[in-house]
Amino acid sequence: MLRAPLLAAARSKGIRRLVEAVPATRSVVRRFVAGSETADAVRVARELATGGWRITLDHLGEDTTDAAQAAATVAAYEAVLSALASEGLADGADVSVKLSAVGQFLPSNGEDVALENARKICAAADAVGATVTLDMEDHTTTDSTLGILRELRGEYPWVGAVLQAYLRRTEQDCRELSGPGSRVRLCKGAYAEPESAAFQDKADVDKSYVRCLRVLMAGSGYPMVASHDPRMIEIAAALADEHGRTDDDHEFQMLYGIRPEEQARIAASGSRMRVYVPYGDEWYGYFMRRLAERPANLGFFLRGLATR
Ligand code: FAD
């Protein structure tokens with residue numbers, strides 16, 4: 001019931017100002033966000049590496065309509081990749097990039113700017129042995145994002161993308177992206193979407209997730225199972241076995257701060273476990289989507305404010 005208003009609030013500048021103005025908010029946000037600085041992202045990457053986890057770092061930001069801001073985002077990714085390399089943490093690391101943060105929505109030539117900026121991030125990742133995965137935003141951007149993915153893979157075949165099981169189109173997208181070398185991070189989807197584009201019932205989203213998993217696990221790419229849902233994780237593990245996959249040719253992924261004990265269990269079992277670690281000051285949209293996913297988080301947030 002709260003999902004729709006929270007997702008609407010995630011895009012409201014007025015509510016954003018209100019939430020950000022509460023001094024105690026930041027310490028609550030810390031549960032989901034590593035910190036503001038490159039050094040915070042590297043610190044968390046180091047801690048997770050010690051426990052056998054892999055990482056994908058997200059420099060927070062989205063919906064940029066300013067070319068200078070898009071360029072600053074590129075510079076932030078270049079800086080964090082270089083910092084990971086100097087700490088010996090870059091090999092096998094990944095960065096997650098929202099194309100809307102690097103220019104996709106700029107009024108003139110947005111897609112070209114986003115492609116060029118994403119290409120710079122790929123070059124920086126390539127230089128240090130890391131990979132790049134394109135996050136997926138609302139359904140109006142899917143074709144554009146997959147088009148940019150195709151361009152980037154011509155030069156950097158290891159670039160991955162997120163597909164969202166709640167979209168009706170995604171089973172077909174999985175078929176098209178299940179070939180050799182492709183890396184697909186399958187998630188359920190976190191945005192408010194119309195019925196014409198997306199399944200609305202949780203049960204239908206879950207069924208779609210399983211159908212997509214079947215396609216990806218049967219294919220010859222590298223499936224990345226991004227879910228905290230115990231049923232999806234169990235089904236993914238069974239399908240990986242059924243298709244003779246080893247621990248090296250698929251992985252599980254979860255968000256920083258969510259079900260850490262399950263993250264530890266998966267890593268200890270020998271499967272690859274990668275944690276999506278957001279950092280930076282632009283945490284508002286990301287944080288609100290986490291509240292929308294789980295009403296209990298809203299209670300946690302409000303209690304956190306009340307006790308400060
Ligand atoms: P759910 O059915 O939502 O949750 C299953 C269980 O997981 C819940 O019962 C609860 O125990 C736990 N849980 C789930 N969410 C939370 C939470 N916020 N707080 C606490 N517990 C929780 N979405 C996009 O639209 N685009 C992306 O690019 C994208 N990238 C992602 C990358 C990764 C690595 C992951 C893990 C998720 C990503 N998402 C993205 C978010 C995703 O779409 C879902 O909104 C989110 O993962 C919740 O779905 P679920 O599969 O965990 O299942």
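Glu78 sits in helix H5, which covers residues 67–86. The model is a predicted one. Glu78 has 16 other C-beta atoms within 10 Å, so it is partly exposed. A residue needs 20 or more such neighbours to count as buried, and 12 or fewer to count as exposed. Now look along the chain to Ala123. The two residues are 45 residues apart in sequence, yet the C-alpha atoms of Glu78 and Ala123 are separated by 9.1 Å.

Stay with H5 and find its partner, helix H4. H4 is made of residues 38–50. The axes of H4 and H5 come within 10 Å and cross at roughly 40°. Angles under 35 degrees count as roughly parallel, and 65 to 115 as roughly perpendicular. H4 and H5 are therefore oblique to each other. The crossing of H4 past H5 is right-handed. On the H4 side, the contact is made by Thr38, Ala41, Val42 and Ala45. On the H5 side, it is made by Ala79, Val80, Ala83 and Leu84.

Next come two loops. Asp63 lies in the loop between strand E1 (54–59) and H5. Its phi is positive, about 55°, although Asp63 is not a glycine. Asp63 has 13 C-beta neighbours inside 10 Å, so it counts as partly exposed. Asn109 belongs to the loop between strand E2 (94–97) and helix H6 (110–128). Asn109 is not a glycine either, and its phi is also positive, near 55°. With 12 other C-beta atoms within 10 Å, Asn109 is exposed.

Now turn to helix H10, residues 230–242.

Which residues of H10 are buried? They are Met232, Ala236 and Ala240. Seen down the axis of H10, the buried residues fall within an arc of 70°, so they line one face of the helix. These buried residues pack against helix H9 (202–218) and strand E6 (222–226). The face turned away from the buried side carries exposed residues. They are Pro230, Arg231, Glu234, Ala238, Asp241 and Glu242. Follow the chain past H10 and you reach Gly244. The phi of Gly244 is positive, near 65°.

Technical notes
Residues are numbered from 1 along each chain as its sequence is written. This is a predicted model: local features need pLDDT of at least 70, side-chain atom pairs count only at pLDDT 80 or more; totals for chains, interfaces and linings use all residues. Helices (H or I, at least four residues) and strands (E, at least two) are DSSP runs, numbered from the N terminus. The expected span of a helix is 1.5 Å times one less than its number of residues. The arc is that of the directions from the helix axis to the C-beta atoms. Two residues are in contact if their C-beta atoms, placed from the backbone, lie within 7 Å. Axes are lines fitted to C-alpha atoms, for helices over the stretch in contact, and angles run from 0 to 180 degrees between N-to-C directions. Angles under 35 degrees count as roughly parallel, over 145 as roughly antiparallel, 65 to 115 as roughly perpendicular and the rest as oblique. A crossing is left-handed if the near helix is turned anticlockwise from the far one by less than a right angle, and right-handed if clockwise.
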